[in-house]
Amino acid sequence: MKRIVHILVLACLMAACTSPVETRHGASLPTDDMHPRLAAIDTLMWQQPDSALAVLLDFAGSPLADSLDAFDGHYCQMLVSELLYKNDCEQTNRTELLRAVDYFDSLCISGDVPWRVSTHDVVFLDARAHYINGVGFYEQDSVVEACAEYLKTLEIMEERFEEKDLVKNKAKFMAYTYNRLGDMFSEQFMMEVAIKCYDCALSYCLIEPTSSYGISKALGHIALQYSMLKDDSQAKLYYEQALEQMPDVDNVTYRDIQSHIALCNYDLGLGWEQPIEALHQLYDKDVTESEGAIYALFIGSIYAEEHYYDSALSYLEPLFEEYGEIEAAKYLRVIYDSLGYHEKGNACRRFLADHYPSEGENKALVSKLNDLFQQYLNQKQERQPEQEIREVVIKIMKWIIPAFLFFAFVIIIAVRNRHKRKIMAQQQLHQTQQAALSGRLKRSNQEVRELKGQIRRQNDLAAKTEVASSFTEEPVCRLIMERVKEGQFKSKVDCSAYKDYALDKQQMLELCLAADRHFGNFTIRLKENYPALTQGDLDYCCLYLLGITDADVAALMQRDYSTIVARNNKMRKVLGSKCKLSVTLLSFAASL
């Protein structure tokens, strides 16, 4: 029996939530995110629904509830319905929930999602709205409509989210939905379809358990369907797997599974004494009335099957008289007929006739449910190629975009280098033409010498103007030191992590030329004095003139740190020095 809790307060909340500032679907919304109090209640609901309901009731009485806009107003109504359901209360805001369903549907169809909310969030809210709408239909005994809403929920989630996105609360939600469908199909004795749904619920429960007993419950649901199919061996296997997943044994789920294992053992022909004893141990525990009623039904059913009618009646009659238990009525009808209690037997028949749909109605309902589920499977199969194509396209784009950017970068560098070479060629041609013109204009050796002297003086003046006052002030040196300072290079970090700081050939050439200018043809003198040094060694020597570390050199030259250390040792050996390489090279540079 559903409970109605705090009806007056909830009524106030409904009134507050349904008077938003703007109710148009495409209305502009405030620039802040979803209402922080509602978001906090939503988060709490997934872990502690009873506490979340208390917080929601407190929020209903605050002035904040009166200022909700259209989006948050419908969001609030959906939370009301969800928390009523999770706290075993009747859905009292049915009209407002239906408006919320239409609202979220319109946002998803039009794509006119409020900019402050992500599309995925709106899709998830839409799916949740359909799910809780299905709960409302089920409370009204509208089984077909409830089934349609649950399947619509799955369609939204599976169509709009990739499988990798169905984790955490989304995985929980998928497990909830499949469990509801499994329960519905099981009630109609559609066991094969129910097993499919419970299997899906189990797969999502393995990703994110709905509770500490969620996996065990899912396995128990599957086991029950096999038991209903009279496949007790398979049922027992699933029940035993469920017990293996139990975190503890002092809970109703554990006892429920143990009671069903006892029934399986009986149905497998392992005798009735041991199952009865196991069920009595559970029945004698300090359990709730509803839990004790289940054990009483199981005990009474075994006694009835074994024709111990007096014992069976002591358990089954209270269930029928106090709770109107349908399964108890079935067994009692047979027992009363066997004992000649025709009046009581007829009373059971009338009860069953009133509480069971006619065979035609049941077949029609099963047919509709089966058609709905088959339609869902067909649509899912039709969507699968599109989803696979979309996934392939996404994977291809993940490769194409970086490749395109890389090739674009290469082309830009190539064009710039080509432009530089063209300018240099033009400058050389211009210099050649000037030299030829000068040669034709000068007729005497004296004039040639005077012209050369003039050119030399001009070049010296230009050199003095262009060359920095010290080696470290050269542009390329400043560039290198800035990179060293910015990169803070570490010897234990792979050099590829610093590829953006690497020096290219042009920069290394500029560095060598700067060293030669400031230190009297440094590289030429170094090569003459130490022929064993390679051209690459000379480049490294120029770097060490700046006093940087081996880790810095490794990052700038994009070489492993161990390779740089080995080269450092080699060059010190060639130079015949035991001092730090930078100190040795600076001493050599200063010895003009």
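This is a predicted model: local features need pLDDT of at least 70, side-chain atom pairs count only at pLDDT 80 or more; totals for chains, interfaces and linings use all residues.

**Exercise 1.** Which residues in H20 meet which residues in H21?

Solution. On the side of H20, the residues are Val-476, Cys-477, Leu-479, Ile-480 and Arg-483, and they meet Gln-507, Glu-510 and Leu-511 in H21. Sorted by class, this contact of H20 with H21 has five nonpolar, one polar and two charged residues. Next comes the geometry: the axes of H20 (residues 475-487) and H21 come within 9 Å and cross at roughly 120°.

**Exercise 2.** Describe how H21 packs against H23, giving the axes, the handedness and the residues of the contact.

Solution. Two packed helices are described by the angle between their axes and the distance between the axes. For H21 (residues 505-518) and H23 (residues 535-544), the axes come within 9 Å and cross at roughly 70°, which means that H21 is roughly perpendicular to H23. The crossing in which H21 passes H23 is left-handed. H21 makes the contact through Met-508, Leu-511, Cys-512 and Ala-515, while H23 contributes Asp-539, Cys-542 and Leu-543. By class, these residues divide into six nonpolar, no polar and one charged.

**Exercise 3.** Characterise the second largest pocket by its volume, its lining and the helices that supply it.

Solution. The second largest pocket holds about 680 Å³ of space. It is lined by 17 residues, of which Phe-409, Ile-413, Ala-502, Asp-504 and Gln-507 are the closest to its centre. H18 (359-441) and H21 each supply at least two residues of this lining, and H18 gives the most, with seven residues. The classes of the lining are six nonpolar, three polar and eight charged residues.

**Exercise 4.** How many cavities of 30 Å³ or more does the count give, and which residues line the largest cavity?

Solution. The count comes to one cavity of 30 Å³ or more, and the largest cavity has a volume of about 60 Å³. Its lining consists of Met-45, Trp-46, Glu-82, Tyr-85, Lys-86, Tyr-131, Ile-132, Phe-173 and Tyr-176. Assigned to elements, two or more of these residues come from each of H4 (70-86), H6 (119-139) and H8 (168-187), with the largest share, three residues, coming from H4. By class, the lining of the largest cavity divides into seven nonpolar, no polar and two charged residues.

How values were computed. Residues are numbered from 1 along each chain as its sequence is written. Side-chain values use heavy atoms; hydrogens and water are left out. Axes are lines fitted to C-alpha atoms, for helices over the stretch in contact, and angles run from 0 to 180 degrees between N-to-C directions. Helices (H or I, at least four residues) and strands (E, at least two) are DSSP runs, numbered from the N terminus. Angles under 35 degrees count as roughly parallel, over 145 as roughly antiparallel, 65 to 115 as roughly perpendicular and the rest as oblique. A crossing is left-handed if the near helix is turned anticlockwise from the far one by less than a right angle, and right-handed if clockwise. Contact means heavy atoms within 4.5 Å. Ala, Val, Leu, Ile, Met, Phe, Trp, Tyr, Cys and Pro count as nonpolar, Asp, Glu, Lys and Arg as charged, and the others, Gly among them, as polar. On a 1 Å grid over the protein atoms alone, a cavity is a set of points where a 1.4 Å probe fits but cannot get out, and a pocket is an open set with protein on both sides within 12 Å along at least five of seven lines; lining residues have an atom within 4 Å of a point. Grid points are joined across faces, edges and corners, and a volume is the space filled by probe spheres set on the points.
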